[in-house]
Amino acid sequence: MTSTRKLKILCIHGYRQNAQAFKEKTGALRKLLKNHADLVYITAPHRVPPGNLGSAAWADQEDGNLQENIPKETEERGWWFSREDDYFKSTDRSSISKGFDSSLELVTKTLEDDGQFDGILGFSQGACLVSMLCMMQQQEGKNWFKFAVLVAGFKSRSSNHDVYYSTRSHIPSLHVYGETDKIISTEMSEELLQFFEEPVTLKHPGGHFVAATGNTKKSYTDFFTKMKEFCDSSAPCDTTDSKKLVDIS
């Protein structure tokens with residue numbers, strides 16, 4: 001008998017976003033997956049100083065009129081900074097990852113304390129963080145989640161993070177990226193694929209956003225249908241069962 005249980009997915013926003021902003025920007029995806037999954041959003045612990053733009057979370061975000069007294073629900077946050085002056089840019093090659101440890105603590109605590117998550121989804125800087133969580137989970141023998149969705153993902157340029165990319169993740173993964181993304185290039189997203197075993201890719205003609213309309217819909221529903229079957233058939237919290245995944249390409 002088919003289970004009616006929905007997948008539980010933790011969502012990690014991009015740089016200069018927060019949980020509420022990411023939830024609003026993923027409205028099309030939430031509508032598409034309403035019968036498949038419940039999406040849980042969390043906010044990064046670090047406030048991005050007003051005017052400190054770095055890698056924008058959205059290509060169409062306006063640069064001006066940034067105010068000091070921003071309501072908390074619209075406050076821009078980041079998971080770590082590539083410079084000591086609280087600035088982040090995805091292409092910065094740096095030995096700095098300011099704030100990363102406290103962000104990692106927040107996310108892993110959420111994964112461990114907030115009930116078992118089936119999957120994790122990240123966008124841009126959040127997807128970069130998700131890539132490291134996938135490796136870390138495997139390296140440390142954790143069972144935080146069974147699959148990952150990385151939208152506009154990339155390999156971290158911080159040398160402090162090199163240790164996470166010394167292995168290849170075995171869990172199922174979907175990598176979504178835009179051909180005209182001017183924030184995270186196609187090359188950066190495709191560079192990340194080598195760290196995942198049999199990654200599923202979804203390339204769309206758009207830019208730096210979570211595409212969930214038009215031709216992308218079937219790719220999402222196919223993937224999440226397979227993930228539902230996979231999660232229901234594998235042992236609870238056992239990521240070693242990811243080898244059971246059938247080809248969905």
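Helix H6 has 18 residues and spans 26 Å from its first C-alpha to its last, close to the 26 Å expected at 1.5 Å a residue. The expected span is 1.5 Å times one less than the number of residues. Helices (H or I, at least four residues) and strands (E, at least two) are DSSP runs, numbered from the N terminus. The model is predicted: local features need pLDDT of at least 70, side-chain atom pairs count only at pLDDT 80 or more, and totals for chains, interfaces and linings use all residues. Residues are numbered from 1 along each chain as its sequence is written, and side-chain values use heavy atoms, with hydrogens and water left out.

The buried residues of H6 are Thr216, Tyr220, Thr221, Phe223, Phe224, Met227, Lys228, Phe230 and Cys231. Buried means under 20% relative accessible area, exposed over 50%, and partly exposed in between (1.4 Å probe, protein chains only). An α-helix has 3.6 residues a turn, so residues three or four places apart point the same way. The cover over the buried residues of H6 includes S1, helix H2 (27–32), S6, strand S7 (173–178) and strand S8 (200–204).

Six strands form an open sheet. Their order is S2-S1-S5-S6-S7-S8, and the pairing is parallel. Two strands pair if DSSP finds at least two bridges between them. S2 and S8 stand at the edges with a single partner strand each, so one side of each lacks a neighbour in the sheet. On average, neighbouring strands of this sheet are turned by 20° against each other, direction ignored. Axes are lines fitted to C-alpha atoms, for helices over the stretch in contact, and angles between N-to-C directions run from 0 to 180 degrees.

Two helices lie against these strands. Helix H4 (residues 125–140) packs on the sheet and touches S1, S5 and S6. The direction of H4 makes about 140° with that of S5. Helix H3 (residues 100–113) lies across S1 and S2, running at about 170° to S1.

Strand S1 (residues 7–12) is largely enclosed by the rest of the structure, because five of its six residues are buried. Six bridges join S1 to strand S2 (residues 37–42). Ile12 has Ile42 as its bridge partner in S2. Four bridges join S1 to strand S5 (residues 119–123). In S5, Ile9 is partnered by Gly119, and Cys11 by Leu121.

Val149 lies in strand S6. Val149 is buried, at 1% relative accessibility. The C-alpha atoms of Val149 and Leu174 are separated by 4.7 Å, although these residues are 25 apart along the chain. Contact means heavy atoms within 4.5 Å. Leaving aside neighbours within four places in sequence, Val149 is in contact with Ile120, Leu121, Gly122, Leu174, Phe223 and Phe224.

Rings of Phe, Tyr and Trp (its six-membered ring) pair if their centres lie within 6.5 Å; planes under 30 degrees apart count as stacked, over 60 as edge-to-face and the rest as tilted. This rule gives twelve aromatic pairs. Phe147 and Phe224 form an edge-to-face pair, at 6.0 Å centre to centre and 85° between the planes. The pair links distant parts of the chain: Phe147 is in strand S6 (residues 147–151) and Phe224 in helix H6 (residues 216–233), 77 residues apart. Phe147 is buried at 0% relative accessibility, and Phe224 at 1%. One aromatic cluster consists of Tyr15, Trp80, Phe81, Phe88, Phe100, Phe154 and Tyr164.
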